[in-house]
Amino acid sequence: ITTLPKPNETRIFTIANQKGGVGKTTTTVNLAAALARSGAKVLVIDLDPQGNASTALGVEHRADTVSVYDVIVNDSPMKEVVQRSPEFDGLYCIPATIHLAGAEIELVSLVAREQRLRTALNAYLAEDAGYDYVFIDCPPSLGLLTINAFVAAREVLIPIQCEYYALEGLSQLLRNIELIERHLNPRLQVSTILLTMYDSRTNLANQVAQDVRDHFPRETLTTLIPRSVRISEAPSYGQSVISYDTNSPGSLSYLEAAAEIARRGAPA
Ligand code: ADP
Ligand code: MG
């Protein structure tokens with residue numbers, strides 16, 4: 001296990017892309033696991049009512065579990081909701097349950113509806129200062145939950161699937177992030193773009209990867225995540241691919257991407 005540089009202050013990432021099925025949850029879980037394996041203390045906040053990140057990290061998220069819903073809607077402190085993931089020491093998760101599906105509507109009438117996650121997270125980090133990384137897994141839509149994630153975060157990580165429509169919708173996402181930056185969170189930055197589900201045998205994948213690098217030379221990680229069956233199998237065992245099959249190409253690529261993120265450090 002290689003030791004990686006630790007950030008001076010907690011780096012808070014939102015993993016966003018308004019498309020579904022592009023690898024947001026997979027990226028959240030595996031980067032978090034990879035960093036925890038290197039000795040970092042990492043928190044994953046599952047903000048998708050589907051609860052896929054909670055499942056993949058092997059934490060309880062039945063309907064009666066206290067969850068991120070209680071944090072956002074009922075002001076429950078994160079300290080009372082957080083669970084340890086059995087995956088690695090230092091890996092923690094605020095789970096999502098099915099109740100979160102209603103939060104999008106309930107939030108509308110609440111005070112400071114865009115800042116509820118930020119307020120709760122800042123209070124928790126002030127109490128438990130040991131966290132190196134926080135990753136917030138977003139649902140595939142730009143509703144109040146995703147806005148809460150953008151307001152709570154400092155960095156945005158966009159996973160991009162290497163396929164034809166990848167760049168479509170990206171400019172919309174970037175415009176939305178700019179609006180958030182202007183009105184709600186001036187510190188927000190798209191720091192990281194990760195190319196996922198890459199199949200080197202197709203010209204198209206190479207072309208999309210090159211396009212993304214041309215547009216975002218600073219943000220795009222050198223590491224590519226290959227399309228890999230082991231990556232897609234891991235969640236059904238309640239595991240990240242990092243622990244499910246450590247030496248598989250998919251696992252190694254996420255370990256490498258995590259190392260790159262750690263070495264680059266936080267944006268200025
Ligand atoms: P999102 O959170 O953006 O909806 P997911 O992370 O859930 O996307 O990924 C969508 C599907 O693709 C899942 O079934 C997941 O297991 C699979 N998947 C994600 N990344 C890869 C990969 N690199 N190779 C193969 N399958 C992948
Ligand atoms: Mg997801």
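User: Which residue in β8 is the bridge partner of isoleucine 193?

Analyst: In β8, threonine 220 is the bridge partner of isoleucine 193. Strands β7 (residues 189-198) and β8 run parallel and are joined by 3 bridges. Strands pair if DSSP finds at least two bridges between them. This is a predicted model, where local features need pLDDT of at least 70, side-chain atom pairs count only at pLDDT 80 or more, and totals for chains, interfaces and linings use all residues. Residues are numbered from 1 along each chain as its sequence is written, while chains are lettered from A and ligands numbered from 1 in the order in which they are written.

User: How do I read the whole sheet, and in what order do the strands form it?

Analyst: Strands of a sheet pair through backbone hydrogen bonds, either parallel or antiparallel. Here, 8 strands form an open sheet with mixed pairing, in the order β3-β4-β2-β5-β1-β6-β7-β8. The edges are β3 (83-84) and β8 (220-226); each has a single partner strand, so one side of each is left without a neighbour in the sheet. Helix α1 (residues 24-37) packs on the sheet, touching β1 (11-15), β2 (42-46), β4 (91-94), β5 (133-137), β6 (155-161) and β7. The direction of α1 makes about 165° with that of β5. Helices (H or I, at least four residues) and strands (E, at least two) are DSSP runs numbered from the N terminus.

User: How are α1 and α11 placed, and which residues meet?

Analyst: Picture a line through each helix, fitted to C-alpha atoms over the stretch in contact, with angles from 0 to 180 degrees between N-to-C directions. The axes of α1 and helix α11 (residues 249-264) come within 9 Å and cross at roughly 70°. That makes α1 roughly perpendicular (65 to 115 degrees) to α11. Asn30, Leu31, Ala34 and Leu35 in α1 meet Tyr254, Leu255, Ala257, Ala258, Ile261 and Ala262 in α11, with C-beta atoms, placed from the backbone, within 7 Å counting as contact.

User: And which residues do α5 and α6 bring together?

Analyst: In α5 (residues 116-127), Arg116, Leu117, Arg118 and Leu121 meet Asn148, Ala149, Val151 and Ala152 in α6 (residues 144-152). The axes of these helices, α5 and α6, come within 7 Å and cross at roughly 45°.

User: Finally, which residues come nearest to ligand 1?

Analyst: Of the 17 residues around ligand 1, Lys24, Thr25, Thr26, Ile231 and Ser232 come nearest. A residue is near if its C-beta atom, placed from the backbone, lies within 6 Å. Elements giving two or more residues to this shell are α1, β7 and α9 (229-233). Helix α1 supplies the largest share, 3 residues.

Technical notes
Contact = placed C-beta atoms within 7 Å. Parallel < 35°, antiparallel > 145°, perpendicular 65-115°, else oblique.
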